[in-house]
Amino acid sequence: MSLVQSLYSAPALHLLSQRPDHPVLYFAPSILQATARRFLAGFPGLVTYAVKANDAVEVLENLMAAGIEAFDVASPFEMARVKALMPSAVLHYNNPVRSEAEIKTAVGYGVGSYSVDSMGELAKLVRFGVPRSAEVTVRLRLPVKGAAYDFGAKFGADPALAVELLKAVSDAGFVASMTFHPGTQCADPDAWRAYIDICADVARGAGVSLRRLNVGGGYASHRTGPAPDLEAIFGVIERAADRAFAGAVPDLVCEPGRAMVAEAFSLATRVKAIREDGAVFLNDGIYGGLAEMPILGNIDRIESVSPEGARNGAPVQHVVFGPTCDSLDRLPGMVPFPGDLAEGDWVLWHGLGAYSTATVTRFNGYGEIEVVTTDRLA
Ligand SMILES: *Cc1c(COP(=O)(O)O)cnc(C)c1O
């Protein structure tokens with residue numbers, strides 16, 4: 001990902017003047033900073049940013065400019081990148097599986113908080129020198145069967161193990177806290193409520209008073225319907241914590257990735273071909289900026305731009321392929337485009353700042369996405 005500093009007021013002006021044949025990601029720093037300030041103003045606790053959603057330097061710099069000072073990092077690369085930009089940044093290392101070398105690197109960076117979901121990983125933190133002044137958060141996952149919410153297929157301790165882990169964290173002398181992640185693009189505030197209730201049960205079961213409760217990321221972005229109201233979710237979280245931990249409410253922490261950065265970027269793809277059978281070939285696809293579409297479904301916030309002006313034809317459903325020669329490189333289902341869409345037009349996909357550039361591959365020689373800074377995206 002290369003950064004072009006020229007500033008355009010909106011994507012269409014850049015597209016029509018430069019006529020790029022490669023995919024372009026438009027970045028509006030003002031939108032990113034406004035979102036950061038919304039989290040900072042609304043969330044009842046510490047706001048950290050989950051770097052994996054988009055680790056671009058210009059993203060981190062703008063979040064720092066807006067007042068974000070703590071970051072959820074998962075790897076030494078992410079630690080180095082954040083610390084290079086802000087030496088005073090607070091790092092939370094919430095990838096619960098770590099090698100010896102990774103732990104030693106984290107200790108070197110002065111990481112202040114680590115999550116764990118197994119006894120073996122806790123023992124590694126002790127063995128490889130994490131100071132007892134550090135916080136260790138026990139990552140909870142709700143049991144898949146019978147639970148209201150089925151999340152956390154990879155990480156997390158079930159409530160019974162979480163009780164044992166929390167006791168062990170406290171006995172080892174670390175600052176004892178808990179964390180969970182309700183699942184990405186989580187539109188249901190009840191997920192947070194359910195997790196918070198069970199965290200309180202776990203803490204009571206362990207006889208440990210939590211210093212902090214990290215309620216994760218998972219805040220949804222606007223992909224199809226309107227995005228869930230962030231402030232409403234913050235309210236649910238605050239009330240749930242007040243009720244579940246009556247008398248001894250831990251300090252709250254959140255670590256949004258997607259919802260922080262999604263709205264700040266739009267991706268422009270170009271129509272390479274419209275075949276006789278109606279299939280549309282774009283210059284980017286599932287190995288590039290549209291990687292999440294097969295997992296989360298298509299974003300329906302599409303706008304087309306052409307030298308002839310707005311395309312207003314009645315929508316027609318198309319099969320849509322990316323540029324590689326791999327037949328998997330197809331968006332799920334059908335996508336509606338204006339009936340007068342033509343080869344050479346651009347299709348703008350809005351809300352694509354998270355898990356887009358972060359996962360781009362160079363498969364088949366594609367994947368070079370230019371980033372252009374704009375004042376606004378529409
Ligand atoms: C990925 C991740 C996040 C961010 O999740 P979003 O759904 O993008 O908000 C937060 N915390 C942890 C531990 C993660 O792994």
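In this predicted model, the lining of the largest pocket is made up of 30 residues, and those lying nearest its centre are Lys52, Arg139, Phe155, His181 and Tyr355. Two elements, β4 (70-73) and α11 (293-296), are the ones that give two or more residues to this lining. Sorted by class, the lining of the largest pocket comprises twelve nonpolar, ten polar and eight charged residues, and the volume of the pocket comes to about 780 Å³.

What takes up the space of the largest pocket? The ligand does, and a shell of 14 residues surrounds the ligand, with Lys52, Thr184, Glu255, Arg258 and Tyr355 as the closest. This shell divides into three nonpolar, six polar and five charged residues.

Turning to individual atoms, the side chain of threonine 184 places an N or O atom 2.5 Å from an oxygen atom of the ligand, while for the side chain of histidine 181, one of the residues nearest the centre of the pocket, the corresponding distance from an N or O atom to a ligand oxygen is 2.9 Å. How much of the ligand does the protein bury? Taken alone, the ligand exposes 390 Å², and 90% of that area is buried by the protein.

How values were computed. Residues are numbered from 1 along each chain as its sequence is written. This is a predicted model: local features need pLDDT of at least 70, side-chain atom pairs count only at pLDDT 80 or more; totals for chains, interfaces and linings use all residues. Side-chain values use heavy atoms; hydrogens and water are left out. A residue is near a molecule or strand if one of its heavy atoms lies within 4 Å of it. A polar contact is a pair of N or O atoms within 3.5 Å; within protein, one must be able to donate a hydrogen and the other to accept it, and residues adjacent in sequence count only if both atoms are side-chain atoms. Accessible areas come from the Shrake-Rupley method with a 1.4 Å probe; for residues, only the protein chains shown count as cover. On a 1 Å grid over the protein atoms alone, a cavity is a set of points where a 1.4 Å probe fits but cannot get out, and a pocket is an open set with protein on both sides within 12 Å along at least five of seven lines; lining residues have an atom within 4 Å of a point. A molecule sits in a cavity or pocket if more than half of its atoms lie within 2 Å of its grid points. Ala, Val, Leu, Ile, Met, Phe, Trp, Tyr, Cys and Pro count as nonpolar, Asp, Glu, Lys and Arg as charged, and the others, Gly among them, as polar. Grid points are joined across faces, edges and corners, and a volume is the space filled by probe spheres set on the points. Helices (H or I, at least four residues) and strands (E, at least two) are DSSP runs, numbered from the N terminus.
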